[in-house]
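This report describes selected helices of the structure shown below and the contact between its chains.

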Amino acid sequence: MSTTETTASGIGPVEGASLYDVDNPAPVIESPRKRTNKTPKSTRGNFEMYGWLFMRLSGIVLVVLVLGHLLIQLVLDGGVTKVGFAFVAGRWASPWWQVWDLAMLWLAMLHGANGLRTVINDYAEQASTRLWLKGLLYTATVFTILLGTLVIFTFDPNIR
Amino acid sequence: MPAGTLYRGREGMWSWVAHRVTGVLIFFFLFVHVLDTALVRVSPEAYDKVVATYKSPIVAVLEYGLVAAILFHALNGLRVIAVDFWSKGPRYQKQMLWTVVGIWVVLMLGAIYPVLGHAAREVFGS
């Protein structure tokens, strides 16, 4: 049994004067995570903040690129029935559509990869599971981006 | 599910769930779509053969589902940006979700003929 008197709120002994007055409406409680000289320096940087910002910026651009792509491929001039090698050759004859498709490929793949990274972090509870799933994700992402880029730049309408 | 997770339900949670599900679906489609387009580097015949399967009625229905996922993800993504960057965004998040759903329904009705029309002509004859 302690002989020290404590207040009901557990703040500590009250010796005469009240902890609360006009200038001190509530006692100051030291921050449990106060930064001191002993606090280790963060090694993580602002990666997650830039990731968050990238999702929003790329998202706005992708709305234009992808909805434009859907309009051309699925709605105009007979929709999907017109799509074929000749149609692709016609589109990629123009640098405008090459750049459009290249931007769409890179932004969509990076946007999707970062989204899936978040999903993996949320649901894969074991560190080894996260490692393998993210390894698979990054491999597939790099492969898809490189393959798509190569196809756009090396497309040959007279391939035969 | 991780233990101790408290979901609050309603518009905020369900739009978040739908955004995740549609996002994952679109990513997997994108992976396949880059692979099929890469066939233009193999031969015109290989590409046209695969694209021909995309013109079948069953794939047309899947395509309509893909359009549904992309349109929701795009519109709700704009709503998420508004919630994050517009000072009154969080207060109007529910109204914005129902606006998103309204625009989505209109666009999906508009997509019926362009996306499913050729499939209907094939199935029912024209």
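**Basis of the description**

Helices here are DSSP runs of H or I with at least four residues, numbered from the N terminus. In these terms, Ala111(B) belongs to helix α4 of chain B. The model is predicted.

**Ala111 of chain B**

A residue is counted as buried if 20 or more other C-beta atoms lie within 10 Å of its own, and as exposed if 12 or fewer do. Ala111(B) has 19 other C-beta atoms within 10 Å and is therefore partly exposed.

Leaving aside residues up to four places away in sequence, Ala111(B) touches Tyr64(B) and Val67(B). Between Ala111(B) and Leu25(B) there are 86 residues of sequence separation and a C-alpha to C-alpha distance of 19 Å.

**Helix α3 of chain B**

Helix α3 of chain B covers residues 57-85. Its 29 residues should span 42 Å at 1.5 Å a residue, and the end C-alpha atoms are 42 Å apart, so the two values agree.

The buried residues of α3(B) include Val67(B), Ile70(B), Leu71(B) and Phe72(B), and also Glu63(B), His73(B), Asn76(B) and Arg79(B). Against these buried residues pack α1 (47-75) of chain A and, from chain B, α1 and α4 (93-124).

Helix α4 of chain A, residues 127-154, contains 28 residues. From first to last C-alpha it reaches 40 Å, close to the 40 Å expected at 1.5 Å a residue. Its buried residues are Thr144(A), Gly148(A) and Val151(A). Their cover includes α3 (95-123) of chain A and α1 (10-37) of chain B.

Two packed helices are described by the angle between their axes and the distance between the axes. For α4(A) and α1(B), the angle is about 35° and the axes are 10 Å apart. This crossing of α4(A) and α1(B) is left-handed. On the α4(A) side, Ala140(A), Thr144(A), Leu147(A), Gly148(A) and Val151(A) take part, meeting Phe31(B), Val34(B) and Thr37(B) of α1(B). Five of the residues in this contact are nonpolar, three are polar and none is charged.

**The contact between the chains**

Chain B contributes 31 residues to the contact and chain A contributes 32. On the side of chain B that touches chain A, the elements giving two or more residues are α1, α2 (44-54), α3 and α4 of chain B. Helix α1(B) supplies the largest share of that side, nine residues. By type, the side of chain B that touches chain A has 20 nonpolar, five polar and six charged residues.

Terms used. Residues are numbered from 1 along each chain as its sequence is written. Chains are lettered from A and ligands numbered from 1 in the order in which they are written. This is a predicted model: local features need pLDDT of at least 70, side-chain atom pairs count only at pLDDT 80 or more; totals for chains, interfaces and linings use all residues. The expected span of a helix is 1.5 Å times one less than its number of residues. Two residues are in contact if their C-beta atoms, placed from the backbone, lie within 7 Å. Axes are lines fitted to C-alpha atoms, for helices over the stretch in contact, and angles run from 0 to 180 degrees between N-to-C directions. A crossing is left-handed if the near helix is turned anticlockwise from the far one by less than a right angle, and right-handed if clockwise. Ala, Val, Leu, Ile, Met, Phe, Trp, Tyr, Cys and Pro count as nonpolar, Asp, Glu, Lys and Arg as charged, and the others, Gly among them, as polar.
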